[in-house]
Amino acid sequence: MSQRITILPETLTNKIAAGEVVERPASVIKELVENSLDAGATAVSVEISAGGRRRIRVTDNGHGMSREDALLSLERHATSKIKVDADLDGILTLGFRGEALPSIASVSRFSLATRETGSPEGTEIIVEGGRVRDVRACGMAPGTAITVEQIFYNLPARQKFMKSAETETGHVADVIARLAVSRPEVDFSATSDERELLRLQRSDLQRRLAQVVGRESSQHLYPVMGEDDSVTVSGFVSGPALVRSGIQTIFTYVNGRFIRDKVVQHAVMQAYRGVIDRGRYPVVALFIELPPGEVDVNVHPTKHEVRFRRQSAVHDAIQAAIEEVLRSSPWLGRAPVASPTASQTTTLAYRERIAAAAQASLALPPRQPHRPQPARQTGAEFALLGVLPEQNTAVNEPASPFQPERSRTGPDGYFSSLAVIGQFHHEYILCQSGSELVIIDQHAASERVAYQLLKQQSRTGGIESQRLLFPETVELSFGEVTMAVRFSQDLAGIGFELEPFGGSTILISAVPRMVVKEDTILLIRDILADLERFGTSAAFNDAVESLLSRIACHSVIRGAHQLENRQIEELLFQMDRTDFAASCPHGRPVSHVVTLAELQKIFKRT
Ligand code: ADP
Ligand code: MG
């Protein structure tokens, strides 16, 4: 029988961030599973009933504890993970405070059964509200099983802070997902009221992520790898086709520990600036590795917060690594990460449903089954410009709404008459008009052109709609489905055909032609969210223009984008047919003129 655990001296415990870690079932499970992982477990199973409020059980096949250690582990500040002050500077385990087990045992009916590898029998300790009631030998497989019943039974005030079983289950699923992503080599299984919540077999990070974020989503993930002095950044990040409306799918880890850190989050969002819209979040699983002395995890008792010694170096390393991936635009043609087999993802739908119940909004990417994408063609902007001949021969390619109606010979308007100098930064078109330099924001211009066309169509008999060859289903919240049904007539008028498809699923069979290639599902969610605010059909009509501007915005690609000369010419041609209030529907300017006199002033030629 070995003894690993010692009680920390007070001089050391005073240096440890103090505070309560037991807040709700999910926090208990986090502590217990972290202990299992620290004990070298290769399989961890979690069972809960009533969202963990009635019962939690975590079983592992780790190294277990001797009888002495098992008794010691229930004392405050008893840990096997650090011994002296200096150990605080090099923590490699998930735990080190020696407080979780006694805290949990003091607020529940608790039982710890453990058998050390090589020991003939196990030990079971029964604790009630912090009092040891029984210690006995027991037969069991090597490893540890901890049962926590009636959490906060002796603290009615704390009980009130727990939410419904469904919500608590959602938090539990989130906690397990975070831990599972950090340790793909470990089997995880979880049941809730005897129904399987998830079953994740050991595999690699790529597959584990697919199991957690969904197989479809995982097809939009790309590997990241960056190294800078002492900081290594690795993992997977999503391209612009996969965004969510919450930060729940940003998994960030420092030395294997899940963290939620402002510096890290800021670096991630900086990298996506201009690539995804505000209020949207990418799917990210990022592992930041640095020497333990470079990061302090002893900041907060839950250890979700850390402090970096060289904060800006870490920030820049993360931003650079992600930008590197985004700059190479891998989603434009290269194959993304391999998708796992269907059987590996069967448990996901359930987790996703639970996550949805816990109000994690799921913005699944469009499947786009109706059209093979030529590698160079990247989005609606080209369709909008409508000049690539190969597009119009592609299978099932919708005709461009911007097909020129007549052959174009010679300039016939202000924009067409401009002499194109070229493109700047793949975002602006530079032109010359006499002694003026004309700068056009290509995104704002495309958006304005699209908006104009939509308005014109809605005035004259409705927005052109494109039927999908393979209708798509999308899971929505209860409120969103209600809106989809209530406004189905109005929505048809602007090109959407949506119908209920059982439960919280709707079927999308047609969308406005202009957005057929783009993030349809995201757009539908945005529109349904708008409708929830409007309430009535009358209000719908008042708001039609803002909906159209939303559609227009979704019909053009965002961010930097290289254009060929003929595409630029086509855009200028279409701009001449657009009633420009000199702004895009969002009110941003479309073009800007710099006069020769202004330039001469800059260069002090006057
Ligand atoms: P900490 O993890 O911070 O050390 P805990 O209160 O969570 O503190 O656990 C106390 C000690 O009990 C741990 O240091 C470890 O030695 C032992 N222990 C807890 N859970 C397990 C487990 N599942 N398997 C083996 N040992 C465990
Ligand atoms: Mg612990």
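This is a predicted model: local features need pLDDT of at least 70, side-chain atom pairs count only at pLDDT 80 or more; totals for chains, interfaces and linings use all residues.
I started with A50, which sits in the loop joining β2 (43-49) and β3 (55-60). Strands here are DSSP runs of E with at least two residues, helices are runs of H or I with at least four, and both are numbered from the N terminus.

Residues are numbered from 1 along each chain as its sequence is written, chains are lettered from A and ligands numbered from 1 in the order written, and side-chain values use heavy atoms, with hydrogens and water left out.

A50 isn't a glycine, yet its phi is positive, about 50°. Most residues other than glycine have a negative phi. I found H425 doing likewise at about 60°, in the loop between β20 (419-424) and β21 (428-433).

Are they buried or exposed? A50 is buried, at 16% relative accessible area, while H425 is exposed at 55%. (Buried means under 20%, exposed over 50%, partly exposed in between, using a 1.4 Å probe and protein chains only.)

Next I looked up ligand 1, which has 22 residues around it, N35, T79, S80, K81 and G98 being the closest. To be near, a residue needs a heavy atom within 4 Å. α4 gives the most to this shell, three residues.

I also checked polar contacts (pairs of N or O atoms within 3.5 Å). A polar side-chain atom of D60 is 2.9 Å from a nitrogen of ligand 1, and a polar backbone atom of L101 is 3.0 Å from one of the ligand's oxygens.

Note on methods. A polar contact is a pair of N or O atoms within 3.5 Å; within protein, one must be able to donate a hydrogen and the other to accept it, and residues adjacent in sequence count only if both atoms are side-chain atoms.
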